[in-house]
Amino acid sequence: MAADVDFKFETFEEYFGDAEQVNKITNECEVCGSKLVHTHLSDYKNLYVQETARCPDCGSGGGKKIHILN
């Protein structure tokens, strides 16, 4: 069985609204509304960070993103 590695590059166009709305989009589970747990894997040689978000309550995946370091 293949591993689920559907990482996508973070784009700021996907975030809309004021600061409170953006905070809700990035930190709350879409299914149950609980706070997501974020884990990060840094790759300084290639200048990016892999982020994985999961909900501890319902087990839903909050998403996998790649953040590019400048």
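Visitor: What accessible surface does the protein chain have, and what share of it belongs to carbon and sulfur atoms?
Guide: This is a predicted model, where local features need pLDDT of at least 70, side-chain atom pairs count only at pLDDT 80 or more, and totals for chains, interfaces and linings use all residues. Residues are numbered from 1 along each chain as its sequence is written, and side-chain values use heavy atoms, with hydrogens and water left out. Accessible areas come from the Shrake-Rupley method with a 1.4 Å probe, and for residues only the protein chains shown count as cover. Here the surface is about 5,600 Å², and the carbon and sulfur share is 54%.

Visitor: How much of the protein chain is buried?
Guide: Buried means under 20% relative accessible area, exposed over 50%, and partly exposed in between (1.4 Å probe, protein chains only). The chain has 70 residues, and the part that counts as buried is 16%.

Visitor: What pattern does the protein chain follow along the sequence?
Guide: Helices (H or I, at least four residues) and strands (E, at least two) are DSSP runs, numbered from the N terminus. Read in order, they give β-α-β-β-β.

Visitor: Which loop holds Leu47?
Guide: Leu47 isn't a glycine, yet its phi is positive, at about 60 degrees. Most residues other than glycine have a negative phi. With 42% relative accessibility, Leu47 counts as partly exposed. Its place is the loop between β2 (37-43) and β3 (48-54).
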